[in-house]
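Try each task before you read its solution.

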Amino acid sequence: KSETEEEVVYRIVGDDEADIKQNLISVNSPIVRALIGKEVDDVAIVKTPAGDVEYEVLEVAYL
């Protein structure tokens with residue numbers, strides 16, 4: 001997340017595999033929807049109840 005400079009690795013998975021505690025996020029989650037079409041160094045803004053959160057894309061890997 002950009003605000004804290006904390007680096008987090010998320011794996012995008014199907015709805016049935018999603019587990020945020022293990023950084024497995026659903027393909028239908030707001031974070032993933034904001035990341036669609038983004039590339040390295042792009043910033044995605046995710047709207048949350050607490051306000052907008054910015055995520056900078058540092059790397060994209062296909063497993």
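**Exercise 1.** Is Tyr 55 buried or exposed?

*Solution.* Keep in mind that this is a predicted model. Start with the number: Tyr 55 has 13% relative accessibility. The cut-off for buried is under 20%. So Tyr 55 counts as buried.

**Exercise 2.** Work out how many aromatic pairs there are, and describe what you find.

*Solution.* The count comes to 1 aromatic pair. Its partners are Tyr 10 and Tyr 55, with 6.4 Å centre to centre and 70° between the planes. Planes over 60 degrees apart count as edge-to-face, so that's the label for Tyr 10 and Tyr 55. Last, check the cover: Tyr 10, at 28% relative accessibility, counts as partly exposed, whereas Tyr 55, at 13%, is buried.

**Exercise 3.** Which residues make the nonpolar surface patch of about 350 Å²?

*Solution.* Look for Val 40, Val 60 and Tyr 62. Then zoom in on Val 60, which lies in the segment after strand 4. With 42% relative accessibility, Val 60 counts as partly exposed.

**Exercise 4.** Find where Glu 17 is, then give its C-alpha to C-alpha distance to Asn 28.

*Solution.* Glu 17 is in the loop between strand 1 and strand 2 (24–26). Its relative accessibility is 49%, so Glu 17 counts as partly exposed. From Glu 17 to Asn 28 you go 11 residues in sequence and 12 Å in space, C-alpha to C-alpha.

Notes:
Residues numbered from 1 in each chain as written. Predicted model: local features only at pLDDT ≥ 70, side-chain atom pairs only at ≥ 80, totals over all residues. Heavy atoms only, no water. Phe/Tyr/Trp six-rings, centres within 6.5 Å; stacked < 30°, edge-to-face > 60°. Buried < 20%, exposed > 50% of the residue type's maximum accessible area, 1.4 Å probe, protein only. Patch = residues over 30% accessible without salt bridge, like charges linked within 9 Å, V, L, I, M, F, W, Y side chains within 5 Å. Areas by Shrake-Rupley, 256 points an atom, 1.4 Å probe, with all protein chains shown as cover. Salt bridge = Lys/Arg side-chain N within 4 Å of Asp/Glu carboxyl O. Helix = DSSP H or I, 4+ residues; strand = E, 2+ residues; numbered from the N terminus.
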